[in-house]
Amino acid sequence: MESTPPLLTPYKMGEFNLAHRVVLAPLTRCRAYGNVPQPAHMSLYYCQRATPGGFLISEACAVSETARGYPDVPGLWTDEQVEAWKPIVDTVHAKGAVFFAQIWHTGRVSAPEFQPNGQAPISSTDKQVPPQVSQDGHVSTFAVPRRLETTEIPQVVNDFRIAARNAIKAGFDGVEIHAANGYLFDQFMKDSVNDRDDTYGGTLENRCRFTAEVVAAVAGEVGADRLGVRLSPFTDYMDCSDSDPEALALHVIRSTLNPLGVLYCHMLEPRMRVNPDDGKLTLPHMLLPFRKAFQGTFIVSGGYDQEEGNTAVTDGYGDLVAYGRLFLANPDLPARIARNAGLNNYDRSTFYTSDPVVGYTDYPFLD
């Protein structure tokens, strides 16, 4: 008799009894027209990937008008957005899955067309993101940001608190703070960008102050037992890196996440590297110090395949494994893992298009 793959063993995450450890990673899909979730096609998209006892994290939801950096991303700052999310969340719950909303602010990773009245995006700094070239050769350019005044920062903290409250109103089981990938939190935390000389700049404690304040505010609003935080200490997305990423992430875990009792820490591996022995891409697996330091559920993410995910669970390297591109292209990913079946190939060209079907809900199931 075949044994159950480690990825498909049950796990208790706080009060949530998960039937397996395969998590839908938060994936921006740009199908929320006018920043309002679209129940007609978004319900189907999430429902396709929901399973009894599964755990899904929504695409990133902007916490305010100034938080946007991409077209047609959903928000959680208006009543209309809350009402539009409700039937989507209900569909996921009807399948027996747990659903968290990821909340974010892009900070300086934005352009005037995404900002109210075409104003400059806000950030920790006034340093501009250099033009970024995507894998398909597309060049993205970004506006010169406006450095937040010290007195303005509490308002941004409050935007996250309100968005978290709205997520619970919409029926989500909890929220994940997107403090990764070069967006606003990274712009405060990482020393390649933060050039402030106030209480939010300079020392490691000061650079992490904004993150600490938001996490505390959201935990106070919805409960730390319904809160996850995503971190990417090793990434240099959007020209945002740190000279000592290990010290940075350990500080956030030990000074903020653990004392508050945050439910989970969701962390990205460094970018995959070429193994000199066989020339294949491999994961560096450098998250162990953080896994050992964090006292709650630890979610690993970043290029995992089925074999690596099973190994991560078996070795105790991660409690749960978040899958992005593989789950995007294989809506029945847990079932495929159970049967050790082949996987659909993802089409990168349709990741961020606005089509409500193509590259979104039309990937085939096994059956």
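**Exercise 1. Asparagine 166**

Decide whether asparagine 166 is buried or exposed in this predicted model.

*Solution.* 
Step 1. Take the cut-off: buried means under 20% relative accessible area.
Step 2. Asparagine 166 has 5% relative accessibility, so asparagine 166 counts as buried.
Step 3. Asparagine 166 belongs to helix α3, residues 153–169.
Step 4. List the contacts, leaving out residues up to four places away in sequence. Asparagine 166 then touches Leu76, Trp77 and Val82.

**Exercise 2. Helices α1 and α2**

Work out how α1 (residues 39–48) and α2 (residues 79–94) cross.

*Solution.* 
Step 1. Know what to look for. Two packed helices are described by the angle between their axes and the distance between the axes.
Step 2. Read both values. The axes of α1 and α2 come within 9 Å and cross at roughly 25 degrees. That angle makes α1 roughly parallel to α2.
Step 3. The crossing of α1 past α2 is right-handed.
Step 4. Name the residues that meet. From α1 come Pro39, Met42, Ser43, Tyr46 and Cys47; from α2 come Ala84, Trp85, Pro87, Ile88, Thr91 and Val92.
Step 5. Sort them by class. The α1 and α2 contact has nine nonpolar residues, two polar ones and no charged ones.

**Exercise 3. Helices α6 and α7**

Describe how α6 (residues 209–222) and α7 pack.

*Solution.* 
Step 1. The axes of α6 and α7 are 10 Å apart, at an angle of about 5 degrees. This makes α6 roughly parallel to α7.
Step 2. Ala212, Val215 and Ala216 of α6 meet Thr256, Leu257 and Leu260 of α7.
Step 3. By class, the contact of α6 with α7 has five nonpolar residues, one polar residue and no charged residues.

**Exercise 4. Positive phi**

Compare where asparagine 181 and aspartate 239 are found, and state the phi of asparagine 181 and of aspartate 239.

*Solution.* 
Step 1. Asparagine 181 is not a glycine, yet its phi is positive, at about 60 degrees.
Step 2. Asparagine 181 sits in the loop between β10 (174–179) and α4 (184–189). At 11% relative accessibility, asparagine 181 counts as buried.
Step 3. Aspartate 239 is also a residue other than glycine, with a positive phi near 55 degrees.
Step 4. Aspartate 239 lies in the loop between β11 (227–231) and α7 (245–260). With 44% relative accessibility, aspartate 239 counts as partly exposed.

**Exercise 5. Proline 233**

Locate proline 233 and list its contacts.

*Solution.* 
Step 1. Proline 233 is in the loop between β11 and α7.
Step 2. Its relative accessible area is 5%, so proline 233 is buried.
Step 3. Leave aside neighbours within four places in sequence. Proline 233 is then in contact with Lys190, Pro245, Ala249, Met267 and Phe290.
Step 4. Check one separation. Proline 233 and glycine 303 are 70 residues apart along the chain, and 16 Å separates their C-alpha atoms.

Definitions and conventions: Residues are numbered from 1 along each chain as its sequence is written. This is a predicted model: local features need pLDDT of at least 70, side-chain atom pairs count only at pLDDT 80 or more; totals for chains, interfaces and linings use all residues. Side-chain values use heavy atoms; hydrogens and water are left out. Helices (H or I, at least four residues) and strands (E, at least two) are DSSP runs, numbered from the N terminus. Buried means under 20% relative accessible area, exposed over 50%, partly exposed in between (1.4 Å probe, protein chains only). Contact means heavy atoms within 4.5 Å. Axes are lines fitted to C-alpha atoms, for helices over the stretch in contact, and angles run from 0 to 180 degrees between N-to-C directions. Angles under 35 degrees count as roughly parallel, over 145 as roughly antiparallel, 65 to 115 as roughly perpendicular and the rest as oblique. A crossing is left-handed if the near helix is turned anticlockwise from the far one by less than a right angle, and right-handed if clockwise. Ala, Val, Leu, Ile, Met, Phe, Trp, Tyr, Cys and Pro count as nonpolar, Asp, Glu, Lys and Arg as charged, and the others, Gly among them, as polar.
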